[in-house]
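Biologist: Could you walk me through how salt bridges and buried residues are read from a model?
Modeller: Gladly, let us look at it together.

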Amino acid sequence: MQSPLLSVIMPVFNGEKFLSETIESILNQTFTDFELLILNDNSTDSTQAIIERYQEKDSRIRTIIKESNVGPANLRNEGFSLAKGEYIALMDADDIALPTRFEKQVQVLNTNPEVGVCGTWFTFFGGKKNKTVKQPENHDKIKISFLSSCSIGNPTVMVRKSALKEHRFENQYVPVEDYDLWSRMIFTTNFHIVQESLLRYRQHDSNISKTKIENVNRSVRAVKSNMLKQFGIDSSDTNVDVYLNALTMKRKLTPEEIKNTIKASKFIISQNEKLGNFDKVLLKKQIDSVLLRTVRNAKKHNMSFFNYLKNEEKDLFRQIKFLDKTILFFKCITG
């Protein structure tokens with residue numbers, strides 16, 4: 001098969017349980033001009049036999065077999081280099097792509113040359129409760145949302161190869177290497193999220209180790225710290241955590257910590273006025289939302305804090321809903 005429009009990259013390691021269902025969801029897409037590049041990460045179960053069975057039936061499947069385990073980030077990077085298509089779609093080996101996923105994403109990229117990364121909504125399944133994750137469609141809103149979390153589902157991504165360029169997943173940010181990659185590309189190309197759930201994202205009922213949670217938190221903080229550079233704030237700044245609190249709500253801050261957070265938020269807004277890396281209205285709305293929730297979830301309350309908000313932060317105080325303001329007042333009275 002020569003020069004398909006789309007290359008689908010799918011790493012797999014010991015995926016025999018769900019692999020057939022995933023492969024079939026790809027081969028049964030309404031859009032058919034693609035290659036499926038499966039990278040087998042030295043699986044020890046029947047993964048390779050399953051791949052070969054489908055490969056005999058469909059010439060669009062290409063396989064790379066690794067002699068040692070290298071991890072999904074390295075495999076996806078290898079897939080980027082091997083991909084023949086103008087567009088590249090990511091897929092996990094246990095998820096299910098709905099039949100029109102590729103068709104609708106290809107249509108977005110075909111008709112919007114400024115868009116380099118296209119995702120979709122996705123729906124969790126296999127756990128206790130199914131839930132559809134919905135993200136904003138507009139590029140500026142997506143960019144703002146990246147300040148607090150990764151706002152694109154990695155296995156829903158379709159990327160334009162010309163926009164990808166030399167960008168790659170970085171192992172130092174594992175297990176949130178996707179957040180790192182897309183948070184860098186959000187400043188080099190436009191993003192678009194199809195406002196429809198086109199992928200079923202499988203949940204596994206397993207306990208997450210304390211070590212993994214700590215690794216996630218550490219890596220997420222590193223990605224967010226890197227994004228502060230868009231405001232002229234270096235990640236080595238001793239006040240990084242205060243700036244991060246202005247962009248992502250943290251519970252149980254003391255009144256003094258909240259005052260510092262408000263001060264940091266004003267600096268971020270003023271820096272954006274100079275640098276213009278984010279939509280000014282959307283950034284202000286995001287920060288105000290964070291501050292209001294931070295005040296609501298304060299660790300301590302006193303009348304000095306209430307009067308500070310009322311007299312010195314009138315714009316923020318005015319946005320507190322009447323009921324919340326009443327509750328805040330009584331909390332401050334009682335201490």
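**Salt bridges and a helix face**

Modeller: Asp-315 has a relative accessibility of 37% and counts as partly exposed; buried means under 20% relative accessible area, exposed over 50%, and partly exposed in between, with a 1.4 Å probe and protein chains only. This is a predicted model, where local features need pLDDT of at least 70, side-chain atom pairs count only at pLDDT 80 or more, and totals for chains, interfaces and linings use all residues. Residues are numbered from 1 along each chain as its sequence is written, and side-chain values use heavy atoms, leaving out hydrogens and water.

Biologist: Which residue forms a salt bridge with Asp-315?

Modeller: A salt bridge is a side-chain nitrogen of Lys or Arg within 4 Å of a carboxyl oxygen of Asp or Glu. Here the partner is Arg-318, with the closest N and O atoms 3.4 Å apart. Helices (H or I, at least four residues) and strands (E, at least two) are DSSP runs, numbered from the N terminus. Arg-318 is exposed, at 58%, and a salt-bridge network links Lys-284, Asp-288, Asp-315 and Arg-318.

Biologist: What distant parts of the chain does the pair Glu-21 and Arg-202 link?

Modeller: Their side chains meet in a salt bridge (3.0 Å, N to O). Glu-21 lies in helix α1 and Arg-202 in strand β9, 181 residues apart. Glu-21 is partly exposed at 39%, while Arg-202 is buried at 10%.
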